[in-house]
Amino acid sequence: MSVQISSAILGFPRFGPNRELKHLVEGFWAKKVTEKDLLDGAKTLRLNHWRLQKDAGLDYIPSNDFSLYDQVLDAAVAYGAIPARYKSIDGLTQYFAMARGIQQKDGDVTIDLPSLPMSKYFDTNYHYVPVSLHPETTTFELAPADRLKPLQHFLEAKNELGIVTRPVLLGPVTFLELSRASRDAPVDFNKWATFLNAAVGVFADLLATLGEAGAEAVQVDEPCLVLDLSGPLKTAYTDAYTLLGSILANKRASGATIPKLIVTTYFEALRENLTDVFAPAILPVVDGIHVDLIRTLESLNPVAYAKDVVAAVAAAGRQGFSVSLGVVDGRNVWKTDLARAIGWLDAVRAVDLTAAGVAELVVASSCSLLHSPHSTEAEKNNKDKELVSWLAFAVQKVHEIVTITTALRDGPTAVAAALADNAASIESRKTSKRIHNATVAARVADVTRDMYSRKSPYPTRQQVQASALGLPAFPTTTIGSFPQTASLRKIRAQNRAGSLATDEYERLLREEIQLVVREQEALGLDVLVHGEPERNDMVEYFGELLDGYGFTANGWVQSYGSRGVKPPIIYGDVSRPEPMTVRWSTYAQTLSTKPVKGMLTGPITMLCWSFVRDDQPRSATAQQLALAIRDEVVDLAEAVVPPELGVPGHPTRIRAIQIDEPALREGLPLRRRLWQIYLDWAVDAFRLASSGVADDVQIHSHMCYAEFQDIRDAIVALDCDVLSIENAKNDMQTVLADGTAGGDSVLAGYPNEVGPGLFDIHTSRVPPQTEMAARLAAVAAAVGDPRRVWVNPDCGLKTRQWKETREALSTMVAVAVAARS
């Protein structure tokens with residue numbers, strides 16, 4: 001019996017070809033879009049996406065991959081695991097309150113609820129919402145059918161389009177692993193012992209519900225299977241799937257229809273977990289496995305990995321099993337080398353799959369295409385035709401998967417033209433003269449170890465900087481950006497389109513900088529910023545000014561909620577042809593006698609938040625980026641701010657420079673054995689970028705939305721003078737272990753100055769002064785030396801409105817002033 005060859009993707013981008021979802025959701029928040037219009041518009045997007053995949057010839061089309069905010073939050077709603085404080089409200093009000101917080105007055109009733117935390121989804125720039133668990137108030141109970149999104153979306157595709165989709169569900173173990181203990185949970189709370197059985201039970205109920213509705217197969221996302229499994233997590237997988245198998249057997253015996261279960265893993269290889277966990281505990285319960293062959297290329301032979309999976313199926317004696325192989329990269333934008341992918345799959349097919357118990361081989365994306373832009377169709381007017389010819393976004397990746405599948409089913413001649421076009425594109429990129437730059441290579445070769453260190457250690461620098469800056473205790477500052485108003489975005493778009501002359505555009509930018517500086521002075525902030533009105537994005541802006549970068553017109557991907565980013569594309573060697581920020585920072589400094597920070601994005605964040613070339617190690621690209629940023633840091637520090645311009649007595653130099661590195665933790669490999677290799681070159685890149693200045697220049701950095709306690713030693717090794725770090729969004733859990741200064745807190749033993757955020761910038765909610773004061777007091781106690789504590793928000797303010805920005809900063813400054821007395 002021949003093995004069936006099928007095609008699948010693990011998920012599709014939600015935003016739509018023109019970010020329709022973003023505009024719908026933000027319109028709903030602004031009360032400009034009704035709930036009905038929001039839901040109708042979202043439905044239209046889903047139907048369009050399903051039609052697109054069906055028309056392309058995809059065999060397994062996912063559903064429940066669509067979300068109004070986040071799929072992990074959606075799972076909590078489906079499983080009924082809603083934190084108690086949100087249960088007094090319901091519907092979309094409840095849903096978005098968990099995501100963004102809520103602060104509103106309804107008659108005599110005031111609702112003031114902070115949001116749930118936010119964190120990075122594994123090693124991506126996608127942010128998910130971890131649900132807080134409490135042993136006494138959290139319950140697991142399947143949502144009612146009319147509000148059960150996995151069911152409703154499955155029925156929508158089936159009833160309206162005749163498509164029997166494969167629902168995507170977050171597996172029970174990964175869901176619990178991504179959840180967190182509530183701050184008020186008992187110290188001995190064990191989420192596995194308390195909730196594992198309940199989570200598995202509600203998951204089994206959901207499977208039966210989908211089976212009854214006609215679902216034939218379900219995608220069960222268990223990406224935590226690729227991690228280094230701790231004892232509790234390994235036991236959880238064994239216990240969960242053993243229990244699931246028992247429950248499902250009982251349901252089948254009672255006449256229930258249970259769909260096939262395809263467990264999906266991605267972002268890394270299973271490695272030892274294949275034989276230690278998957279084979280003995282999960283394989284007997286499920287009907288298929290998906291593995292990612294792309295993200296393991298640097299450390300694992302993809303064909304050997306696939307054959308190991310087949311061998312595990314054979315050893316278990318299974319029959320009719322499905323093996324899904326991710327051969328099309330869901331996280332980058334380069335066209336797939338189709339000949340190489342077909343070669344991998346042919347090598348796997350050379351094994352006697354039927355004898356191994358494998359009945360189906362599925363050609364798939366490595367992970368969900370959520371991490372890819374929508375379609376290169378939107379790039380028709382992009383002037384860089386050569387670069388566009390090298391790219392494949394989500395729509396094109398679907399077609400690549402179908403092409404590979406057809407080649408395997410019917411032979412390469414059936415898709416000869418597509419394969420020839422692809423081969424020509426792959427060869428064009430390999431041989432393009434744009435890729436390599438001899439000057440950059442020579443610059444890298446000239447780097448010496450002394451370029452990675454400041455001239456003096458931090459204690460010496462601290463004294464010099466204190467004298468130069470003259471700041472009070474608990475100095476206040478912001479993270480860089482101020483509100484990007486509609487008028488500001490309009491003039492930027494007009495200038496880009498050529499309808500607003502550059503001279504007039506820059507005059508308007510200077511007016512905006514004046515406004516931002518005046519606002520900060522009126523609020524009483526101590527270290528100012530210019531507000532970044534010229535920047536569309538903290539990475540794309542710099543990429544546009546660096547050689548080796550390319551850009552898209554509509555290459556948006558979701559970062560969190562309604563927030564999209566348009567990552568630039570690193571296609572070749574990177575260098576800085578001229579200064580990028582000096583004129584804006586020095587102009588801002590002429591407007592105030594207070595110090596103004598220069599604002600830059602660090603090399604690791606430039607790397608992680610770009611689509612990166614895959615023809616050289618990421619460490620090599622990071623070093624090129626570091627040298628480009630180093631040039632800018634040195635130019636900022638050495639620039640003379642004309643004393644005759646602006647307000648009398650303003651500083652004549654930029655003495656504070658912030659180099660943001662929010663992606664430092666994100667770049668960390670998922671396997672611990674690879675951590676130090678990455679951290680060594682990542683820390684080196686930051687130090688190379690930041691160490692070319694004199695002791696009196698205060699180097700700041702900023703980090704946010706990740707488990708930074710994992711890399712505390714690396715953060716110390718960066719040797720920045722001041723670290724601002726997100727703190728309020730995660731309710732102090734980012735920097736304080738269990739609310740104390742002990743344990744694995746980022747602050748425990750941190751030797752330099754630090755500014756944990758006092759308010760969340762992802763919500764219009766303005767915390768009361770008592771809330772901010774409590775956070776500052778806890779931080780000061782943890783640091784132990786108030787002289788090393790800064791006061792700032794969690795992150796930049798570009799997504800906020802001016803009204804709430806003024807209110808929040810005014811409260812923050814009042815807290816700092818009170819702490820000084």
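Hi everyone, let's start with a cluster of charges: D112, R765, E771 and R775 are linked in a network of salt bridges. By salt bridge I mean a side-chain nitrogen of Lys or Arg within 4 Å of a carboxyl oxygen of Asp or Glu. Please keep in mind that this is a predicted model, where local features need pLDDT of at least 70 and side-chain atom pairs count only at pLDDT 80 or more, while totals for chains, interfaces and linings use all residues. Residues are numbered from 1 along each chain as its sequence is written, and side-chain values use heavy atoms, with hydrogens and water left out.

How many salt bridges does a search of the whole structure find? The count is 49. One of them joins E632 and R576, at 2.6 Å from N to O. E632 sits in helix 22 (residues 618-638) and R576 in the loop between strand 18 (569-575) and helix 20 (582-589), so this pair ties together parts that are 56 residues apart in sequence. Helices (H or I, at least four residues) and strands (E, at least two) are DSSP runs, numbered from the N terminus.

R576 also forms a salt bridge with D635, with the closest N and O atoms 2.7 Å apart. D635 is in helix 22 too, so here the parts tied together are 59 residues apart in sequence. Is R576 buried or exposed? At 16% relative accessibility, R576 counts as buried, whereas D635 is partly exposed at 25%. The cut-offs are under 20% relative accessible area for buried, over 50% for exposed, and partly exposed in between (1.4 Å probe, protein chains only).

A cavity, on a 1 Å grid over the protein atoms alone, is a set of points where a 1.4 Å probe fits but cannot get out, and lining residues have an atom within 4 Å of a point. Grid points are joined across faces, edges and corners, and a volume is the space filled by probe spheres set on the points. There are 6 cavities of 30 Å³ or more.

The largest cavity holds about 480 Å³ of space. It has 31 lining residues, and those closest to its centre are M538, R563, W609, C795 and K798. Strand 19 gives the largest share of that lining, 3 residues.

The second largest cavity has a volume of about 320 Å³. Its lining has 24 residues, with R14, N64, Q71, V168 and D221 nearest the centre. Here helix 3 gives the most, with 5 residues.

How values were computed. On a 1 Å grid over the protein atoms alone, a cavity is a set of points where a 1.4 Å probe fits but cannot get out, and a pocket is an open set with protein on both sides within 12 Å along at least five of seven lines; lining residues have an atom within 4 Å of a point.
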